[in-house]
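Please examine the sequence and the structure shown below.

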Amino acid sequence: LDDMRTRHRDHYVAMALEASATWATGEQTIWFLRLSAEYDNLREALERCRHTPEGAARGLEVAARLWLLWQAAGRLGEGRRWISTFLEVAGPDARARPLGQWAAGYLALVQRDVRAGEAALQEALALARRAHDEEADSFVVFAIGHLGLARLFAGSPAEARGLLSESVVLHRSGGRPGLAAFQLADAALAATMAGNADTAIPEFEESLAESRRLGDTWTESHALWGLGIARWSRGETGEAEGAM
């Protein structure tokens, strides 16, 4: 029985990691549906990871990489609880800790828990900068971008714009066009909130074109929503309604 449960855990851990690699591609909807159908099994696999530091380190990576599932499925609270549990059990030296702190910060921001989100993102940034490996470097970029979101939610759109624009440049230079497109939409939103819709509209359109090229419907919807807001802020109500 113990061997069967271990193989069950390993199967669903592998499935979740495979799914997480599709978040900025046209396969995301297929994987959302598959993970939703397997949700009880996925939850059991995460529970199996919880009981030892080694297992928790694996669970932390999985729960953190499922950040978009937690958001898209409306399970933000559950996602935050899993990540918090694994951060505690895995210990301070877990390789996935920068990733875990980043995901914890991002999900907190989505729930408008700005103070907790910013604290977790600052921790993620510090850990990633100390790790000195390629994956950690990518999470430096994630943390910078989402610290920009924290500034936006805190009412500082100009400061947010600088951080988000930096994140776009770094994602592009790191060969992550889908993530660059998503952060570009956030940077354009910051410009809109700062009263600069003329700058924001072509950036939303660029984000929209790139997300459609990649088949990334999540970013496409995000860019359309932002474009609608920018158009509306200029009094272009018909165009705004068409976008949104």
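The points that follow are grouped by topic. The model is predicted.

**Nonpolar core**
- The largest nonpolar core consists of 74 residues.
- Trp23, Leu35, Leu66, Ile83, Phe86, Trp102 and Phe204 have the most contacts inside this core.
- Helix α9, which runs over residues 134–153, contributes the most to this core, with nine residues.
- Phe86 touches Leu46, Cys49, Arg50, Ala56, Gly59, Leu60 and Ala63, when residues up to four places away in sequence are not counted.

**Helix α13**
- Helix α13 comprises 17 residues (217–233), and its end C-alpha atoms are 24 Å apart.
- At the N-terminal end, Asp216 caps α13 through a side-chain oxygen that lies 3.2 Å from the backbone nitrogen of Trp218.
- After α13 comes Gly235, whose phi is positive, near 80°.
- The buried residues of α13 include Thr219, Glu220, His222 and Arg231, as well as Leu224, Leu227 and Ile229.
- Among the elements that cover the buried residues of α13 are α11 (177–193), α12 (197–214) and α14 (237–243).

**Cavity**
- The structure contains one cavity of 30 Å³ or more.
- The largest cavity has a volume of about 140 Å³.
- Two or more residues of its lining come from each of α5 (67–72), α7 (97–110), α9, α11 and α13.
- Helix α11 supplies the largest share of this lining, four residues.
- Of the 17 residues that line the largest cavity, Trp67, Gly178, Leu179, Phe182 and Thr219 lie nearest its centre.

Terms used. Residues numbered from 1 in each chain as written. Predicted model: local features only at pLDDT ≥ 70, side-chain atom pairs only at ≥ 80, totals over all residues. Heavy atoms only, no water. Core = buried A, V, L, I, M, F, W, Y, C linked by side-chain atoms within 4.5 Å. Buried < 20%, exposed > 50% of the residue type's maximum accessible area, 1.4 Å probe, protein only. Contact = heavy atoms within 4.5 Å. Expected span 1.5 Å × (residues − 1). Polar contact = N/O pair within 3.5 Å; in protein donor to acceptor, adjacent residues only side chain to side chain. 1 Å grid on protein atoms, 1.4 Å probe; cavity = no way out; pocket = protein on both sides within 12 Å on 5 of 7 lines; lining within 4 Å. Points joined across faces, edges and corners; volume = space filled by probe spheres on them.
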